[in-house]
8 protein chains.
Amino acid sequence: MSFKTGFCDLGFAKIDIDRKNRRGFSEAVYCPGKTKEHLRDICRRLLENKQDLILTKLEKKVYSYLKKSIPRLKYNTKAKFGFLEVTRKKQKSGSVAVVTAGTADIPVAEEAVATLEIMGARAVRLYDVGVAGVHRLMHNLDVLRQARVIIVVAGMEGALASLVSGLVKSPIIAVPTSCGYGASFQGLSALLTMLNSCSPGVVVVNIDNGFGAGYFASLIS
Amino acid sequence: MSFKTGFCDLGFAKIDIDRKNRRGFSEAVYCPGKTKEHLRDICRRLLENKQDLILTKLEKKVYSYLKKSIPRLKYNTKAKFGFLEVTRKKQKSGSVAVVTAGTADIPVAEEAVATLEIMGARAVRLYDVGVAGVHRLMHNLDVLRQARVIIVVAGMEGALASLVSGLVKSPIIAVPTSCGYGASFQGLSALLTMLNSCSPGVVVVNIDNGFGAGYFASLIS
Amino acid sequence: MSFKTGFCDLGFAKIDIDRKNRRGFSEAVYCPGKTKEHLRDICRRLLENKQDLILTKLEKKVYSYLKKSIPRLKYNTKAKFGFLEVTRKKQKSGSVAVVTAGTADIPVAEEAVATLEIMGARAVRLYDVGVAGVHRLMHNLDVLRQARVIIVVAGMEGALASLVSGLVKSPIIAVPTSCGYGASFQGLSALLTMLNSCSPGVVVVNIDNGFGAGYFASLIS
Amino acid sequence: MSFKTGFCDLGFAKIDIDRKNRRGFSEAVYCPGKTKEHLRDICRRLLENKQDLILTKLEKKVYSYLKKSIPRLKYNTKAKFGFLEVTRKKQKSGSVAVVTAGTADIPVAEEAVATLEIMGARAVRLYDVGVAGVHRLMHNLDVLRQARVIIVVAGMEGALASLVSGLVKSPIIAVPTSCGYGASFQGLSALLTMLNSCSPGVVVVNIDNGFGAGYFASLIS
Amino acid sequence: MSFKTGFCDLGFAKIDIDRKNRRGFSEAVYCPGKTKEHLRDICRRLLENKQDLILTKLEKKVYSYLKKSIPRLKYNTKAKFGFLEVTRKKQKSGSVAVVTAGTADIPVAEEAVATLEIMGARAVRLYDVGVAGVHRLMHNLDVLRQARVIIVVAGMEGALASLVSGLVKSPIIAVPTSCGYGASFQGLSALLTMLNSCSPGVVVVNIDNGFGAGYFASLIS
Amino acid sequence: MSFKTGFCDLGFAKIDIDRKNRRGFSEAVYCPGKTKEHLRDICRRLLENKQDLILTKLEKKVYSYLKKSIPRLKYNTKAKFGFLEVTRKKQKSGSVAVVTAGTADIPVAEEAVATLEIMGARAVRLYDVGVAGVHRLMHNLDVLRQARVIIVVAGMEGALASLVSGLVKSPIIAVPTSCGYGASFQGLSALLTMLNSCSPGVVVVNIDNGFGAGYFASLIS
Amino acid sequence: MSFKTGFCDLGFAKIDIDRKNRRGFSEAVYCPGKTKEHLRDICRRLLENKQDLILTKLEKKVYSYLKKSIPRLKYNTKAKFGFLEVTRKKQKSGSVAVVTAGTADIPVAEEAVATLEIMGARAVRLYDVGVAGVHRLMHNLDVLRQARVIIVVAGMEGALASLVSGLVKSPIIAVPTSCGYGASFQGLSALLTMLNSCSPGVVVVNIDNGFGAGYFASLIS
Amino acid sequence: MSFKTGFCDLGFAKIDIDRKNRRGFSEAVYCPGKTKEHLRDICRRLLENKQDLILTKLEKKVYSYLKKSIPRLKYNTKAKFGFLEVTRKKQKSGSVAVVTAGTADIPVAEEAVATLEIMGARAVRLYDVGVAGVHRLMHNLDVLRQARVIIVVAGMEGALASLVSGLVKSPIIAVPTSCGYGASFQGLSALLTMLNSCSPGVVVVNIDNGFGAGYFASLIS
């Protein structure tokens, strides 16, 4: 094992410029809690080292600030996702279906889609097919069955992940969302549902973590 | 079993226009987390398919926006409830008593009442009869006993559901509310109380879910 | 309102012999935490007052003890349910489907069935149709659609209640079970799932409360 | 302020023989987690210092062990309560009503009664008057109204405390019990109910803490 | 038992004008969740029936609104407490010490003080004597020992209640506050501390419930 | 879409004999809560339909019972895992590293290994390389880097998953275990740790769910 | 033991001017929940008694208010930390490494640094060395090994504390932060991780409590 | 940095024989969840490498088994602590006071004492000085003030840690115990109390983790 330096030290941050080499993809930046100046300096240094940029949970006004210094930075408003692709990735062969239970789950799903795209995976959207009207899902079984991987994004009771899993051969990545009220406890209900799936082939990421789901799906697509 | 298409695909939403046929009532729309443009398009498409409109947890300013496109849309301010009845329902024979423990539970109760009314059931209000002054309830026993179904809406300790249940033959639907502070934990206390009722004949819906209580009551009234 | 005495005072218990008159059905006895002598005396006094007997969560060895004093007492082993019907009830017209997600949910389902039967309702069992293999449910859609009421019993992620609800016109009573491990937290996961159902027409009772579900279903069947 | 020594040092324990002087009553001993030899030595030393003995949550077989060394030690089996009154207390003038919701709450209620009695207060039992059959309570209103203090012991939903409070002038001490199952979460449900009482005049002690309720009631009776 | 009407029915509220007769003190009004018009109407009706006014958790701007209709209404800003004493109460003989652990607990303590005063009890303040500097408490032992009842208000770890209890003969009413951060979980930490007091003679009310503590203390002072 | 029958109806169970066709692998049987007679009948019917057997969380004595009827049934004692491979699977090309933090995590890891093996994947064990002595992990970096997929099994603080993820390109499946005490809350601590991993590429399954991890890993290896 | 007065009584506060003598350092002031006037008076009185000032969680605008009365008061914006050193402390010999997992943990780390400095300890910052890129930590092992004490500040999964502990001889003080989202539950996840560390030599303070960590580290450096 | 091998690979375990060199003390073995054969092999290998043995949470019967292979292994019954000191440590100069609130906390305290002793630190016991009779603590202030470090072990409300901290200059290590019932939630109450200490200078370890407290205290004594 050898740990050459492999990072840039800015004092407040140590940017992992070995990340792409070691892990296959550049370091992504989680934005909440960082000052906008810090974010700007981190982005610049990543770019200088030819790393792609991914900025998650990025507020629009912070994006506008960063845009001034990094004019090529793009932004997906629905997903609050900033990005800049430095090296064009080869398109992966398999597709990833990104499925939501409802319309309110779309921001999280779009974070997954944006992540997939910058990592070179192909996303197919299938939105609003929750269990309250299961025919919407059944009508789209071929979309599900053609996907190499399926991301299921659902809040409230989060039942969709188990159901989809029971219908296909592909692995399912379940993303609970904080959509709901009362006893949804900001996504806890959906999280527990997904962790307790009676259908094998389902794994789970953090509440509202579309990025994590997209990243993992990209690795296996 | 046959699943004909039975839905409108708007991309971001798949509107379940088979709902009325399959379930006896149109799809209701839970508003939080949806953009106002999405809500407008969903409403329009439902109307084109002769479905009634129910919009729950609808903020007033979003209502005002929707009103421009759908002038006949009505709004119950207390309940934050938008609605538009397309097909006049036959009035059901039995009545549903909607009972609250306190005055602060009224918004949730009104959501139940509004739901009952658009579904053709008859609601009778009995507000502010909590256990701190039980004579207010006892004085209204005949209202309770004449109801075919009773909805009990209560926050804080939520004790009213068990008490009412012990006095009547009718089924009780208990709605915990987030009214309270401290160890009420946003309705968790009332929810647990109602789930643990020592009096049989009580079922429970989510915290603040007046719509769900009204919907269920309508099915059995 | 008038509260005549309406109860037998045994000191350690005040038996509610007005229950059948007031609520339509005799007082049921929850057994845990009561001594076997107390249970015996309670049962005897109920019988003297021509009340049916329902004993829930009754351990087999306590049943054997009671059987000596009350030879006609019957016992459903799977449901741990003791009962003795004093007055023959008229069979109700509608049927109640009792549905389980898995085989391990059967004890709770049987508690519901036993309750339905002693209350004069007709139960139809549909066991092991969980979402991991949804064709088992879809193949039995007519059973579901012919039922006036449906009880759905499920542990782990508890997703079945929402799914069934989306397919039928009937009201759904959801019973979470403690079946599962790890993050099922003894039924909490299934409970939250059911409370957060995105499909209206679902109400919930306590974890493992087959009796409560059967009782409520009987009221509305 | 002066802190004379006021305790016996046994190494593993420092017995507070100043307790009766300072607080009006001897130190009570909570038994779980202490070895039987430790309990024996603590009791002996308390007796030598003319302190009354109260031993809470005392298992019967440990009692039998202690009885050998301390023949006058008495035991309340229902309450798992060991005691030995050294100084005869003057009977207090006011009575304390000890009320339970159900039969399974009796062990905790008896712990309160035993505590009241050794402290010189007069307890009046009123058992099994829970909200499922409220006429049992109403029929005994005079018992409640004659009491100077009321202890309400209830598990499951714990609704009885609020109800009783609403009917009387006296202060209510509410004791949640671990009686129940599922979402009662070993008494958490009843505890939250009682803490959130909408009726003023209710205070709460720990789950199953009959001793604490009896002790406090004795102070104010 | 007899329940004469004993309440005013305003539709949205049923005002308990029998409260003073039945319980010894007028109905207090918990303000959050009620509209200002509702509050005004409730107050007016209480006044017409010669009941004192207590308005808890009353926002200043709502107070200003009410003041226009009810010019004699007073307001304790620290406690967010509105009040109007209609009948002058006789001063009770015993005093109630209101003790806080820190300065940030004062608003809750003042709610207790305001409640005590309108109910005719005499409050003695002892603020900022938390366990981090126990000599501040020890120096004031005589204040504690002269009180007939002691209210202890504390957030964070809430340790003060047990400590005070161990030093005196009087009953202790413990009020956890939401003061703190992180693992204080909005008062849960202090609540649990107080419920688990190893020192008998301590009872607990809801988090931030200064009113409840004052009310109870008044009953026993 | 077409749902031919595809299941065997035993009344208490509906065996999903379409599972292998639809999902690529036979239905696995979760044993707790099922009677041994039910388990025997389910196994027989699966075998008649040429499905492999997987029995998770199977107690040894139940295994002995089943062994009488199904002599070829095998058992992994550490993992409490019964199995019988009917169709020989082709060995998959990539390997799966199964890594544990400590020795006490081995039973869960072995459940994953057993699952991998019956599904035709190749497992490489790397046990006891937790973060308290990170050189044990670093010395085995090549094992990690040669794996196509990595399963990380850890209790207590569960920190290992993030650490491993940061060192490799492969996807990580994290399995929290109930190993630990006190604030590990039966695996909750490790579960939360893994869900909050700051290192992308980590997904999570239920506490102690070695089977689920093995199953998912097999799908993507 | 002797408790001379040792405090200033302001009515709303009892300032512990004996603190420096008794504990070695002046009383620090936790600002939330105190009015700005109260804070000003407390500060003045502390200064009059030659105590250093430490004001934690101090909002900038409150600082500005205080600055008018106490012109020498300084402020660390990142840490929201007000301070004024009255007596110059002798620099301690050992250094304290303050380590963060990420950039968003810096405010809490700076609170620790500021505390260390005013207490005369020497802080060495090592920021952004979380487990997602462990080479950043390994490259700085000598910084860690030269420190007499190490403070580890981390949110999300909080894994860094265990890892650092496994590499060094020094004691580790772990500070969970509320940085994260979803199942981080405002720092609960990191808190549990740190409490369950499998590596001995780790102790924990409250979520976001940089002050507490700095204070403790100062005592032992 | 260099990671030579530094461990023994037994397959099921990788024994960290570099631990003493790297961290100053040998690896301790947490026993629950390990088979007795595994424990025996781990102990032997540690001994072969001249490491001291510490076995925590070791059941007596497992100890008896190990004793056969390792005759010099000693056992502290109260603490369930196995140990064997290979290298005699030099006695440290400062003492560590180990303080308990009650008698039932002694097993955890003894685990701390046993750990301190094998690590060469000097422990001074001060047991049963909880806040219910604070004079027992005050009488022993000199013991506290002479200690270089203080370990406070307490269950139930855990208030003792804050109180001790307020009286001394030394650092406090707080150990919550699972002693208590009801709302103590197996030590959660005491844990939260200690984390929220208003008195600086307190750090916390896991519930019942006497070993961790002793280990840390030894590092700083």
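Predicted model: local features only at pLDDT ≥ 70, side-chain atom pairs only at ≥ 80, totals over all residues.
Colleague: What makes you say that chain B and chain E are in contact?

Modeller: Contact here means heavy atoms within 4.5 Å. The contact takes 22 residues from chain B and 27 residues from chain E. The area buried between chain B and chain E is about 1900 Å², with carbon and sulfur atoms giving 62% of it. On the side of chain B, the residues that lose the most area to chain E are B:T103, B:H135 and B:Y181, together 36% of what that side buries.

Colleague: Why is the meeting of E:E27 and B:R136 called a salt bridge?

Modeller: The rule asks for a side-chain nitrogen of Lys or Arg within 4 Å of a carboxyl oxygen of Asp or Glu. For the side chains of E:E27 and B:R136, the N to O value is 4.0 Å. Across the interface of chain B and chain E, the rule finds one salt bridge.

Colleague: How many residue pairs are in polar contact between chain B and chain E, and which helix gives the most to the side of chain B?

Modeller: The count is ten residue pairs in polar contact. Helix α5 (residues 135-138) of chain B gives the most to the side that touches chain E, with three residues. By class, that side of chain B has 13 nonpolar, seven polar and two charged residues.

Colleague: What do chain F and chain A bury between them, and how many salt bridges are counted there?

Modeller: Chain F and chain A bury about 2900 Å² between them, and 65% of that is on carbon and sulfur atoms. The salt bridge count between the two chains is zero, while 15 residue pairs are in polar contact. The contact joins 35 residues of chain F with 35 residues of chain A.

Colleague: Which elements give two or more residues to the side of chain F that touches chain A?

Modeller: They are α1 (19-23), α6 (141-146), β10 (172-176), α8 (188-195), β11 (202-204) and α9 (210-220) of chain F. The largest share, five residues, comes from α9(F). By class, this side of chain F has 21 nonpolar, nine polar and five charged residues.

Colleague: How do you know that chain A and chain E have no contact?

Modeller: The test is heavy atoms within 4.5 Å, and no contact joins chain A and chain E. Their closest C-alpha atoms lie 15 Å apart. Chain D and chain F also have no contact, and their closest C-alpha atoms lie 15 Å apart.

Colleague: What makes β4 and β6 of chain H a pair?

Modeller: Two strands pair if there are at least two bridges between them. Three bridges join β4 (residues 53-56) to β6 (residues 81-84) of chain H, so the strands pair, and they run antiparallel. Within this pair, H:L55 has H:G82 as its bridge partner.

Colleague: How many bridges join β3(G) to β4 of chain G, and do they run parallel or antiparallel?

Modeller: Two bridges join β3(G) to strand β4 (residues 53-56) of chain G, and the strands run parallel. With a rule of at least two bridges, the two strands therefore count as a pair. In β4(G), the bridge partner of G:Y30 is G:T56.

Colleague: Which two strands of chain C form a hairpin?

Modeller: β5(C) and β6(C) form a hairpin, with four residues between them. Three bridges join strand β5 (residues 74-76) of chain C to β6(C), and these strands run antiparallel. One bridge partner pair is C:Y75 and C:G82. In the turn, C:K80 has a positive phi of about 50°.

Key
Residues numbered from 1 in each chain as written. Chains lettered and ligands numbered in written order. Heavy atoms only, no water. Buried area = accessible area lost by both parts, 1.4 Å probe. Polar contact = N/O pair within 3.5 Å; in protein donor to acceptor, adjacent residues only side chain to side chain. Nonpolar A, V, L, I, M, F, W, Y, C, P; charged D, E, K, R; others polar.
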